[in-house]
Amino acid sequence: MVLGPGGSGVSAVAAAAASQRPGASRDSRRVVSRPEQHTLLVTVDRWSPVCEWARVYRRPGEPLAVSKYLHLLTLDRLDLVEKTWSAFVDVLEHTAGRSKHVLPGVSTLAGIDAAELTSLPGIDDFLLLRRIRDEATSGRWHRIVVDASGCGDVLQFLRGGSVLSQALNRFWPRHRRLAAAAERPVMAQLTAAVDALDRDCADVAELFTDPHAVAMHLVLGAEDRSRRLAEHYLAGADVMGLPLASILVNRGVGAEDADGVVAHVGSLLGAGDAQVRVGTVERSAEAIDRMARVRKLGVRLPGPHGVPRGSAASRVDVLGGEGARPGTPAYRLSWPQRLPDPDSLALGRSGDDLLVTVSGFRHPVRLPSVLRRCTVTDAAWEQGRLSVGFVPDPAVWPQRQP
């Protein structure tokens, strides 16, 4: 997945990397031109120039062949929302039609036409990520390159699954959904639909933080703005646990001090970031207006490195003997975390999630199971590591028998 601030050349870098011919298969008996050896380039930007570069018509939702080895998939937020809402309304109407009682809110929701929707907060991000997940698990592609330009705040976009899951379980917790289905069997189909959505949220959130399957690549311009934004992007990647694999400074954007930006980025990476490569993309000698010229940029992105980062590399230490009751343990959750502005750090709790705010960006970090029945006691940030203390909650912690 290729991401970065607007205007840094994300689309060009993603297209250049995707256009490189796949390497030879390790098994010489396999034919390189088979569909599963192809590359899929995905763009979520409705104004992306990639279609014009590739000389293909924009057909949202349908992979188009660009070359023997490359296909292009353009995803449209509104189209995905309308199709998904129409399918969900069918379930609502079926539920309301079979019920002898008036189900509050169901009839009202079922009456909203898909054409009336412009956006559903948070859901459209999740639907885009789920479609990318579906392509990744289809078995059709050797690799997928995602051009994440044009989606506004890319960190906000990538947390779509986590945020939607949190909202679902906040407004209609799973235990209440199961109880509703048990009391009124007519609700079973609706409950199953919401449960399936919640499982997809968890699956999407897990996929995009999996360092064995996904590699994130941050593209920055060779300008002072990128120098300022670099640490904020790295801090956001830390709290989300994104598997950052490389940082590329694009000499074709700004070109004020590319070497200075590279040096600055290198200074931000610590000993725990040895797997993150830092490099540059050279300025094109010709105007970028077709795939042949994009390919000449010669961008090759490293694959997944398999090393968890940030909150995905969190650990729980048992302190022992310091809990709310004698003999109960205390715990400390910690992970490597950059804080460009330490005063902006804020922590909260929502169910099984720890809400972490860094530089105005808030992300729900799912707590390990052992900490979900605990309460927070304190927090500290020392030597580039965020740590949060927990003790068992007497109200829900198993009581020791005398």
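Analyst: Of the 402 residues in the protein chain, 47% are buried, meaning under 20% relative accessible area with a 1.4 Å probe and protein chains only. This is a predicted model, in which local features need pLDDT of at least 70 and side-chain atom pairs count only at pLDDT 80 or more, while totals for chains, interfaces and linings use all residues. Residues are numbered from 1 along each chain as its sequence is written, and side-chain values use heavy atoms, with hydrogens and water left out.

The chain holds 12 helices and 15 strands, taken as DSSP runs numbered from the N terminus (helices H or I, at least four residues; strands E, at least two). Three of these strands make an open antiparallel sheet in the order β11-β12-β13, where two strands pair if DSSP finds at least two bridges between them. Because β11 (346–350) and β13 (361–366) each have a single partner strand, they stand at the edges, and one side of each is left without a neighbour in the sheet. From one strand to the next the twist averages 25°, with axes fitted as lines to C-alpha atoms, for helices over the stretch in contact, and angles running from 0 to 180 degrees between N-to-C directions.

Strand β12 (residues 353–358) pairs with β13 in the antiparallel sense over six bridges, and Val-356 stands opposite His-363 in β13. Helix α7 (residues 160–171) packs on the sheet, touching β11, β12 and β13, where contact means heavy atoms within 4.5 Å; the direction of α7 makes about 70° with that of β13. Helix α10 (residues 224–240), in turn, lies across β12 and β13 and runs at about 25° to β13.

Key:
Buried < 20%, exposed > 50% of the residue type's maximum accessible area, 1.4 Å probe, protein only.
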